[in-house]
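Reader: Please present the aromatic contacts of this structure, and set each value against its definition.

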Amino acid sequence: MIENFDAIKQNVLILGDFEDSPKLDLQIQMIIDECLAYCYRKDIPPQMVLPLSDVIVSALNKRSLIGLEGNVASYSEGDMSVSFGSNTNISNQFYDGKLEPFKQIIGVVEDV
């Protein structure tokens, strides 16, 4: 478990107006693991807590929208219409670029 998981979870509950549940804990942990892998990190520095919390809320909101992945441009329920937008900014495509400053450069060998 990440040492600042509780702080991240509290931020997610406040920002996303979610209800506390074991399912939410698991979803938060899964997204944290994805973000840590993306940033090549094993820890979450204090400066990363708020941006990561915002990324988690965005990811949870995107995933809860009828189970579809992608950038939803518009959504209507009348005859069930979902339009997806395209993301032309390739460099900041993942996590809206919020985690880019926290990516680590890794080498082939650890603990040299």
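**Aromatic contacts**

Author: Two aromatic pairs are present in the structure. The model is predicted, with local features requiring pLDDT of at least 70 and side-chain atom pairs pLDDT 80 or more, while totals for chains, interfaces and linings use all residues. Residues are numbered from 1 along each chain as its sequence is written, and side-chain values use heavy atoms, without hydrogens and water.

Reader: Why is the pair of Tyr-38 and Phe-94 called tilted?

Author: Rings of Phe, Tyr and Trp (its six-membered ring) pair if their centres lie within 6.5 Å; planes under 30 degrees apart are stacked, over 60 edge-to-face, and the rest tilted. The centres of Tyr-38 and Phe-94 are 5.6 Å apart and their planes form 55 degrees, so the pair is tilted.

Reader: What makes Tyr-38 buried or exposed?

Author: Buried means under 20% relative accessible area, exposed over 50%, and partly exposed in between (1.4 Å probe, protein chains only). Tyr-38 has 18% relative accessibility and therefore counts as buried. Phe-94, at 48%, is therefore partly exposed.

Reader: Why is the pair of Tyr-38 and Tyr-95 called edge-to-face?

Author: The planes of Tyr-38 and Tyr-95 form 70 degrees, with 5.3 Å centre to centre; the pair is therefore edge-to-face. Tyr-95 has 22% relative accessibility, so this residue is partly exposed.

Reader: How do you know that the charged end of Lys-103 sits over the ring of Tyr-38?

Author: The criterion is NZ of Lys or CZ of Arg within 6 Å of the ring centre and within 35 degrees of the ring normal. The charged end of Lys-103 sits over the Tyr-38 ring, 4.3 Å from its centre.
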